[in-house]
Amino acid sequence: MDNKPIEKALKTSTSNIRTSLNINDIKQSLAEHLFYTVGKPLTTATPNDYYLAVAYTVRDHMMKSWINTVEAFFAQKVKAVCYFSAEFLTGPHLCKNLINLEMYDVMNKALKEFGLDLKQIIDLEAEPGLGNGGLGRLAACYMESLASLGIPAIGYGIRYEFGIFNQQIINGWQFEYTDKWLRLGNPWETPKPERIYDVKLGGYTEHYTDSEGRYVVRWIPGRIVRGIAYDTPVLGYKVKTSTMLRLWKADSPESFDFQDFNRGDYYGAIEDKVSAENLTKVLYPNDEQLQGKRLRLEQQYFFVSCSLQNLIEMHLLKEKSLDNFHEGFAAQLNDTHPSIAVAELMRLFIDEHKMDWDKSWNITKNTFAYTNHTLLPEALEKWSLPLFASVLPRHLEIIYEINHRFLYEVINCNERNNVSIEALSLIDENGEKFVRMANLACVGSHAINGVAELHTELLKQHTLKDFYKLYPERFSNKTNGVTPRRWIMLSNPRLSKLLTETIGEGWIKNLEELRKIEAFADDKEFQAKWRKVKFDNKEEHSKYILNNVGVKLSPDYLFDVQVKRIHEYKRQHLNVLHIVTLYNRIKQNPNIEVTPRAFLFGGKAAPGYSMAKLIIKLINSVADVVNNDPDVKDRLKVVFIPNFNVKVGHKIYPIADLSEQISTAGKEASGTGNMKFSMNGALTIGTLDGANVEIREEVKPENFFLFGLRAEEVEELQSKGYRSYDYYHKDQELKQVIDSISSGCFSSGDSGLFRPLIDSLMFQDRFMLFADYKSYIQCQEQVNQVWHNKDLWTRMSILNVARIGKFSSDRAIKEYCNDIWKVCPI
């Protein structure tokens with residue numbers, strides 16, 4: 001086929017309406033998309049139709065950079081990053097794409113001439129709930145930074161039809177509802193029905209010798225699921241390149257069985273299709289039941305298999321052999337969820353492409369790198385042997401062989417460094433047998449990293465200590481980061497404008513340039529502008545809280561914020577103990593001087609995590625009492641903001657004065673919310689946990705409110721036999737707080753409602769709230785003192801922003817590129 005006429009037509013087209021920033025061309029494009037793409041006349045067009053027309057117009061501008069990037073990848077000998085993640089919490093696309101294309105202002109003007117409001121259209125966009133929290137949000141930030149740095153990259157994941165549940169609060173309790181994010185369509189994705197791969201599940205294996213004398217294994221599956229690709233371009237900021245998010249949807253190879261239909265078995269006629277599609281219906285459930293565990297394992301294998309088959313196909317389009325596969329792709333495993341990729345790539349090489357074991361293993365190890373995101377032993381994924389064998393019989397054989405060769409090498413190594421063979425084994429044989437996915441990832445990767453300096457050291461010392469003894473050269477730290485394009489430019493336009501007016505716009509692509517505002521930290525005029533930004537943000541977004549929660553907040557309050565997944569180790573209930581402490585003081589002396597504060601909470605509890613749901617109930621029960629007690633005189637307000645997600649985060653991070661990062665030291669891997677708050681001028685009260693340690697080092701100790709035990713002190717206290725009951729009896733104020741909750745003061749006299757939570761604190765207190773309580777309360781008193789010195793508080797706020805440059809995802813991605821992936825911009 002002669003491509004020249006097509007290329008000429010494309011050049012003519014793309015130089016006109018589809019990529020023009022002329023306001024008249026944009027208006028014409030909007031009108032044409034409404035008519036030709038959405039298929040609606042003006043007389044019947046809905047607000048969502050107008051949103052779709054805007055989105056398709058913006059997508060036209062995105063397509064040129066996407067296609068150019070793809071063409072450049074195939075034309076050049078370049079190495080691409082492949083980011084494997086079970087979650088991508090991208091957030092809404094429209095506003096981010098407008099900013100990265102520098103189209104926001106011209107689109108706003110074009111819509112105004114049509115009598116439409118861009119902000120209202122942006123608010124219409126459904127958020128893709130394709131993740132549970134920080135892990136998926138980090139993946140999304142990294143994809144944007146990869147694009148902004150010009151690195152060729154593909155993000156591989158799952159196109160969940162229903163994302164993380166929508167949360168509603170009814171009578172103080174969390175209720176979960178289906179997230180139908182695709183209900184009104186998704187204009188940003190492009191389905192690729194020709195990009196399909198078969199994925200085997202279940203069944204059994206056959207072993208034989210072929211005609212050439214080679215040992216061969218044939219996997220006879222119990223069923224086959226087909227994966228279909230859906231592609232979404234991810235734009236960089238003011239660059240001509242983009243990355244691609246490729247998500248897989250499950251389907252059946254055969255959609256309809258006419259024999260069943262003709263027999264009158266109408267459900268049976270579509271049973272295979274329904275069963276296959278269920279695989280990507282919903283973000284994996286709480287894995288308490290066997291069926292939930294099976295679904296989760298099948299989901300993880302499904303997207304990994306589709307992705308690796310896709311990469312092999314792409315590689316063979318460029319190269320004649322798979323021998324240099326690892327030179328074409330660097331595959332990053334985002335936590336243990338995709339670690340089955342190690343065994344799957346071996347299977348594809350050995351079974352499908354007839355490569356020998358040693359060559360396959362060398363390529364596999366040099367392809368993969370593994371990021372660990374947890375220190376909690378229960379969060380390191382492992383699968384029971386019978387379940388694993390029933391889903392992936394061939395992979396279990398491959399894992400046994402990997403394990404045999406690996407342990408043989410370790411046992412026969414002259415320098416074993418006193419490692420534990422039991423701890424290194426890919427199979428946990430203590431009682432019921434399990435496949436350890438973190439161990440598989442460590443053995444099958446050439447690099448292993450933690451996500452904060454403290455986290456990485458604790459991995460070396462505890463969680464993965466035997467692997468570190470064996471392979472110290474594989475370990476490094478890559479502290480997390482977040483993209484300033486979303487978390488300052490998009491979510492806080494007032495602060496963004498002030499920064500750019502003061503120091504120029506260089507900070508947007510090089511966050512270290514924020515250091516320039518240090519020179520204005522004591523400038524009274526600049527401080528006044530800084531305070532006005534925060535005041536105006538609080539005034540604007542308090543309306544959202546009033547409309548959605550029914551609580552009116554004054555911008556003059558100290559906004560004390562804790563928004564994150566609800567979990568005992570994150571210690572939202574320690575925050576509640578502080579609120580109850582203040583409330584008890586007011587009840588004892590209604591005229592006591594209290595700093596006016598608004599305590600804002602947000603976050604979701606896993607549906608099967610009863611203690612986390614009880615913490616949400618406690619927050620709301622305390623809010624009901626505190627907000628309505630006349631003795632409080634509106635000096636304290638407590639608010640739980642329902643359904644916290646990226647869109648809500650856009651409103652919350654810019655209004656925070658105080659950021660609560662109060663997890664038990666040694667439990668949080670990194671955290672990224674702490675970075676977003678600091679970027680927006682909040683001061684942090686926190687423990688030396690996760691990235692808090694490095695944030696405090698960067699902003700300096702005098703600009704950080706530190707409390708609580710250190711990680712080594714937590715470990716020492718636990719080893720000596722920690723008795724929370726003793727703290728309860730020794731601290732009279734703590735005793736009053738616990739007694740008031742357990743007596744029914746916040747539950748209409750029902751002393752049994754919060755009994756499970758109180759008992760866990762009194763007789764176990766696994767996350768040491770009682771041990772840290774006194775230090776936390778004293779630190780909050782320091783917060784009050786500084787808050788009343790407005791110039792000092794403002795100075796500290798300015799310096800937090802000025803010194804936060806390290807925590808850009810651009811910096812993190814550069815480190816991955818240089819140290820692990822060995823890739824360069826396209």
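# Exercises on helix packing, cavities and pockets

In this predicted model, helix α30 (residues 732–742) and helix α31 (residues 755–763) pack at an angle of about 155°, with their axes 10 Å apart.

**Exercise 1.** Classify the packing of α30 against α31, then describe the crossing and the contact.

*Solution.* 
- Step 1: Start from the angle, about 155°. Angles over 145 degrees count as roughly antiparallel. So α30 is roughly antiparallel to α31.
- Step 2: The crossing of α30 and α31 is left-handed.
- Step 3: Find the residues. From α30 come Ile738, Ile741 and Ser742, and from α31 come Arg755, Ile758 and Met762.
- Step 4: Sort them by class. This contact of α30 with α31 holds four nonpolar residues, one polar and one charged.

**Exercise 2.** Work out how α22 is oriented relative to α33, and list what meets in their contact.

*Solution.* 
- Step 1: Take the geometry. α22 spans residues 524–549 and α33 spans residues 790–802. Their axes lie 10 Å apart, and the angle is about 80°.
- Step 2: Apply the cut-off. Angles from 65 to 115 degrees count as roughly perpendicular. α22 is therefore roughly perpendicular to α33.
- Step 3: Read off the α22 side. Lys524, Phe526, Gln527, Trp530 and Arg531 make the contact with α33.
- Step 4: Read off the α33 side. Here the residues are Lys790, Asp791, Thr794, Arg795, Ser797, Ile798 and Val801.
- Step 5: Sort by class. The contact of α22 with α33 has five charged, four nonpolar and three polar residues.

**Exercise 3.** Describe the packing of α2 with α5, including the hand of the crossing and the classes of residue in contact.

*Solution.* 
- Step 1: Place the helices. α2 covers residues 23–37, and α5 covers residues 104–113. They pack at about 65°, with axes 9 Å apart.
- Step 2: α2 and α5 cross in a right-handed way.
- Step 3: Name the partners. Ile23, Ile26, Lys27 and Leu30 of α2 meet Val106, Met107, Lys109, Ala110, Leu111 and Glu113 of α5.
- Step 4: Sort by class. Seven of the residues in the contact of α2 with α5 are nonpolar, three are charged and none is polar.

**Exercise 4.** Count the cavities of 30 Å³ or more, then describe the lining of the largest cavity.

*Solution.* 
- Step 1: Count. There are four cavities of 30 Å³ or more.
- Step 2: Give the volume. The largest cavity has about 120 Å³.
- Step 3: Look at the lining. It has 14 residues, and Thr90, Lys96, Ala140, Glu144 and Val234 are the closest to the centre of the largest cavity.
- Step 4: Trace the elements. α7 (134–148) and β8 (223–235) each supply at least two lining residues. α7 has the largest share, with five residues.
- Step 5: Sort by class. The lining of the largest cavity has six nonpolar, four polar and four charged residues.

**Exercise 5.** Describe the second largest cavity by volume, lining and residue class.

*Solution.* 
- Step 1: The volume is about 70 Å³.
- Step 2: The residues lining the second largest cavity include Thr90, His93, Trp181, Asn186 and Glu189.
- Step 3: By class, this lining has five nonpolar residues, four polar and one charged.

**Exercise 6.** Find which helix gives the most to the lining of the second largest pocket, and sort that lining by class.

*Solution.* 
- Step 1: Begin with the space. The second largest pocket holds about 780 Å³.
- Step 2: Go to the centre. The lining has 28 residues, and Leu375, Pro377, Leu380, His462 and Thr463 lie nearest the centre of the second largest pocket.
- Step 3: List the helices. α16, α17, α18, α19 and α28 each supply at least two lining residues.
- Step 4: Pick out the main one. α28 gives the most, with four residues.
- Step 5: Sort by class. The lining of the second largest pocket has 13 nonpolar, ten charged and five polar residues.

Technical notes: Residues numbered from 1 in each chain as written. Predicted model: local features only at pLDDT ≥ 70, side-chain atom pairs only at ≥ 80, totals over all residues. Heavy atoms only, no water. 1 Å grid on protein atoms, 1.4 Å probe; cavity = no way out; pocket = protein on both sides within 12 Å on 5 of 7 lines; lining within 4 Å. Points joined across faces, edges and corners; volume = space filled by probe spheres on them. Nonpolar A, V, L, I, M, F, W, Y, C, P; charged D, E, K, R; others polar. Axes fitted to C-alpha atoms, helices over the stretch in contact; angles between N-to-C directions. Parallel < 35°, antiparallel > 145°, perpendicular 65-115°, else oblique. Contact = heavy atoms within 4.5 Å. Left-handed = near helix turned anticlockwise from the far one by under 90°.
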